[in-house]
Structures are given as C-alpha cells and as structure tokens.
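Me: I'd like to learn how to read the features of a protein model. Could we go through one together, step by step?
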Amino acid sequence: DEPLSSFFRNEDVRTRQNLGIGSPVSGLKARAVLIDTECGVLNSLMSGPLGDIFDSRQLISDQYGAGNNWAQGHMEYGPKYRDTILESIRHTVEYCDSLQSFFLVHSLGGGTGSGLGTYVLSLLADHYPDVYRFTTSVFPSEDDDVVTSPYNSVLALKQLSEYADCVLPIENQALADICRRVSQKAQEKPSRAGGGGADAAHQSGAVTAGGGASRSKSFDEMNNIAAHMLTHLTASMRFEGSLNVDLNEVTMNLVPFPNLKFLMSSVSPVSALHARGADGTSFSVDAMFSEAVHKDNQLMRGDPRSSTYLACALLARGDVAISDMHRNVERLKKGPDNSLLWLRVRVQALVRLWMRVHMCVFV
C-alpha cells in the first residue's frame with residue numbers, strides 16, 4: 001500500500017523488476033543505500049535476519065576502513081567512490097514516484113560516518129538541491145575509545161551546518177545514561193512473576209555492566225532507544241492517520257532559521273518497564289508529557305527546560321485524545337519555569353492505535 005511504499009518498494013523476486021503500488025507483495029526492498037569502508041558490518045547485516053529487505057546492488061564497501069580519520073573518509077574515500085555513490089542514489093531515486101527527502105543516519109566518532117557520511121551529504125546538496133536533507137547524527141561519548149572522535153565530530157559539524165536542512169543529534173553518553181537508569185529500576189523492582197530483580201532486568205532489556213556479551217547487549221539497548229525514536233518520528237509517513245506529518249513538515253515547523261537546525265529529541269516512556277507505574281498501572285498521558293521535557297529523557301545530555309523553546313513538536317502514538325494533548329501543552333506553558341512561557345506551540349497530534357514496528361539502526 002501507499003504508506004508502506006514510503007520506505008520500501010515492491011520487487012518481483014524472479015525478474016527483480018519494480019512493482020507498482022497496489023500489486024501483491026512479492027519481495028520488499030528498502031529504499032536505502034548502505035555505505036561502509038569495511039565489508040565486515042555489511043556482510044553480517046546481509047547474512048542476518050534483515051538481509052532480505054536490502055538490495056545487494058545498493059551496498060558500497062571497501063576493505064580496510066577509514067582508520068578513524070575524518071580526512072581519510074572525506075578526502076580519500078569520498079572522491080574514490082563518488083560516481084558509485086551517485087549512481088546508487090540515482091538508481092534508488094528513479095524508483096520513487098514522488099521524492100520527498102533524503103534521510104541520512106551516520107555516526108560522527110569514526111572516519112567513515114563523519115568523513116564519508118558528510119561527503120555524501122554534500123553530494124546530495126549539489127545534485128538534489130531542492131530535496132530536503134534530514135540527518136540523524138550519533139555523537140560519541142566522553143569515554144569513547146577512539147582518540148580522534150572529538151576531532152572527527154568537530155570537522156563533521158562544519159559540514160552538517162552547511163549542507164543539512166535539519167539535524168537530529170543523538171549522543172551515545174545520553175543513551176548509556178538512560179540504559180543505566182533502566183537497569184537500576186529493573187533491579188530495584190521485584191518481578192511480579194515471583195522472580196527477583198534479575199528477571200525483571202531480563203524482561204525489560206536492561207543493560208548490565210561486565211564482559212563482552214554485556215557490552216554487546218548495552219550497544220543493542222542503546223540502538224533500540226534510537227530506533228524507537230526514529231520509528232515514532234516516521235510513523236505518520238508509514239501508516240495512515242488523521243493528522244499525519246512528514247519529514248518536510250518537521251523541518252519547516254521546527255527550524256526557525258537556516259542555521260538553527262539542530263533539534264533535541266526525547267522519548268517517553270523509554271522502555272516497557274517505564275511504561276508502568278510502581279503499582280503496575282499504565283503510564284498516564286500527563287506523566288508522558290512531563291517526562292518528554294525532563295532532562296533524563298533527552299537523547300542529548302542537557303536540560304531543555306533551563307532555557308526557552310523556539311519550537312516544539314509533540315508526537316503521540318496510541319489511544320491519545322487531542323484534547324489531552326492540548327491540555328498538557330497548556331499545562332507545560334504554565335509551569336514553574338519560563339521555558340515554554342513565550343513559545344507559541346503548534347501541536348501536531350498523531351492519534352492512532354498503538355502498533356509494534358521494528359526497525360534497525362546501525363551506529
């Protein structure tokens with residue numbers, strides 16, 4: 001159907017020809033180009049459970065990586081694979097009936113995401129200047145094991161400021177802090193099934209500190225938070241609703257000036273464990289709104305209520321009444337601080353029944 005076609009196209013599994021909207025589903029392929037300067041990650045992705053939804057012709061990789069060096073990714077691999085990248089993007093764009101925007105997901109700590117990622121962004125600005133470029137950039141944490149990650153991030157920020165229309169930054173340290181709080185809450189709350197805190201931690205997907213397996217699990221939990229935020233953000237593009245918005249509207253309404261394009265994002269509740277109160281009852285709408293502007297739920301470390309909002313979008317999924325959303329906006333505007341006092345809020349309510357959506361984000 002049309003909502004599904006926003007991020008996927010229907011392909012005949014035998015002829016590999018594109019099938020139109022309304023045709024029986026034969027084989028879904030993501031409208032995506034995957035780029036990495038080492039083949040290990042892409043090989044594991046294609047051999048995993050999600051390998052079938054990606055077109056093998058849209059993979060671009062090298063052997064040795066960018067050496068955690070922005071210059072090597074931007075100055076060496078960028079020009080080297082320029083034509084290949086443009087051809088892959090052109091091939092993907094030709095399957096779109098109405099190209100709306102480009103959605104770039106990359107990390108800034110290494111050389112590939114920061115260097116080659118921003119090089120791709122500049123190519124999009126040169127060859128598709130009238131198409132919105134929406135970027136989700138993952139910033140490294142303070143204790144990142146890559147020595148050059150601060151330099152890579154600073155050099156990439158210059159390119160993001162110049163070529164991106166809207167940037168949604170996500171900080172690894174903020175994700176790690178959220179996962180740690182979820183883990184602590186899971187250990188403190190006894191399991192209702194009769195087990196201890198360890199069972200509750202397992203059910204909530206909480207993060208534990210320790211060896212290699214725990215470290216791998218911590219990355220999975222951090223990716224899950226970022227993935228949930230992105231699925232909520234793009235839900236109105238993939239599913240029908242009464243007040244849907246697309247990425248272009250997000251950019252037009254939340255970017256007041258071209259240089260003020262870096263947004264702060266938050267998620268509430270952050271886990272299934274947080275979706276229930278201490279007595280096991282469901283989270284109220286008022287509690288979700290309060291946590292959405294709380295510093296502990298921000299995907300970038302910082303307290304947004306210590307300053308003033310220039311623009312704000314509150315996107316709700318589930319059985320939420322529009323009257324409850326307007327009531328909470330007024331409640332936040334009359335709060336004890338002045339962060340929302342002078343803000344003229346334009347609320348876009350996405351009211352629909354809750355649906356489980358799975359999406360992988362590789363950072």
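This is a predicted model: local features need pLDDT of at least 70, side-chain atom pairs count only at pLDDT 80 or more; totals for chains, interfaces and linings use all residues.

Me: How do I read a pair of aromatic rings?

Reply: A pair of aromatic rings is described by two things, the distance of the centres and the angle of the planes. Searching the whole structure turns up 3 aromatic pairs. In one of them, the ring centres of Tyr77 and Tyr81 are 6.3 Å apart and the planes meet at 15°, so this pair is stacked.

Me: And how are the rings of Phe103 and Phe134 arranged?

Reply: They are stacked as well, with 5.4 Å from centre to centre and 10° between the planes. Phe103 belongs to strand 6 and Phe134 to strand 7, so the pair ties together parts that are 31 residues apart in sequence. Phe103 is partly exposed, at 26% relative accessible area, while Phe134 is buried, at 2%.

Me: How many bridges join strand 6 to strand 7, and which way do the strands run?

Reply: There are 7 bridges between strand 6 (residues 101-107) and strand 7 (residues 132-139), and the two run parallel. To get from strand 6 to strand 7, the chain passes through helix 4 (residues 111-127), making a right-handed β-α-β crossover.

Me: What does Phe134 touch, apart from its neighbours within four places in sequence?

Reply: Its contacts include Phe102, Phe103 and Leu104, and also Cys166, Leu168, Leu233 and Leu247.

Me: Which residues have the most contacts inside the largest nonpolar core?

Reply: They are Phe134, Leu168, Met229 and Leu299, in a core of 23 residues. Two or more residues each come from strand 8 (166-171), helix 6 (172-188), helix 8 (212-238) and helix 9 (247-254). Helix 8 gives the largest share, 7 residues. Apart from this core lies another one of 16 residues, including Ala66, Ile85, Ile89 and Leu116.

Me: Last topic: which residues of helix 10 are buried?

Reply: In helix 10 (residues 285-292), look at Val285, Phe289 and Ala292, which are buried. Viewed down the helix axis, the buried residues fall within an arc of 60°, so they line one face of helix 10. Part of what covers them is helix 11 (322-333).

Me: Which residues does Arg331 contact, leaving aside its neighbours within four places in sequence?

Reply: Arg331, which lies in helix 11, is in contact with Asp286, Phe289 and Ser290. Arg331 and Phe289 are 42 residues apart in sequence, yet their C-alpha atoms are 9.6 Å apart in space. With 33% relative accessibility, Arg331 counts as partly exposed.

How values were computed. Residues are numbered from 1 along each chain as its sequence is written. Side-chain values use heavy atoms; hydrogens and water are left out. Buried means under 20% relative accessible area, exposed over 50%, partly exposed in between (1.4 Å probe, protein chains only). Helices (H or I, at least four residues) and strands (E, at least two) are DSSP runs, numbered from the N terminus. The arc is that of the directions from the helix axis to the C-beta atoms. Contact means heavy atoms within 4.5 Å. Two strands pair if DSSP finds at least two bridges between them. A crossover is right-handed if, with the strands pointing away from the viewer, the path from the first strand over the helix to the second runs clockwise. A nonpolar core is a set of buried Ala, Val, Leu, Ile, Met, Phe, Trp, Tyr and Cys residues joined through side-chain atoms within 4.5 Å. Rings of Phe, Tyr and Trp (its six-membered ring) pair if their centres lie within 6.5 Å; planes under 30 degrees apart count as stacked, over 60 as edge-to-face and the rest as tilted.
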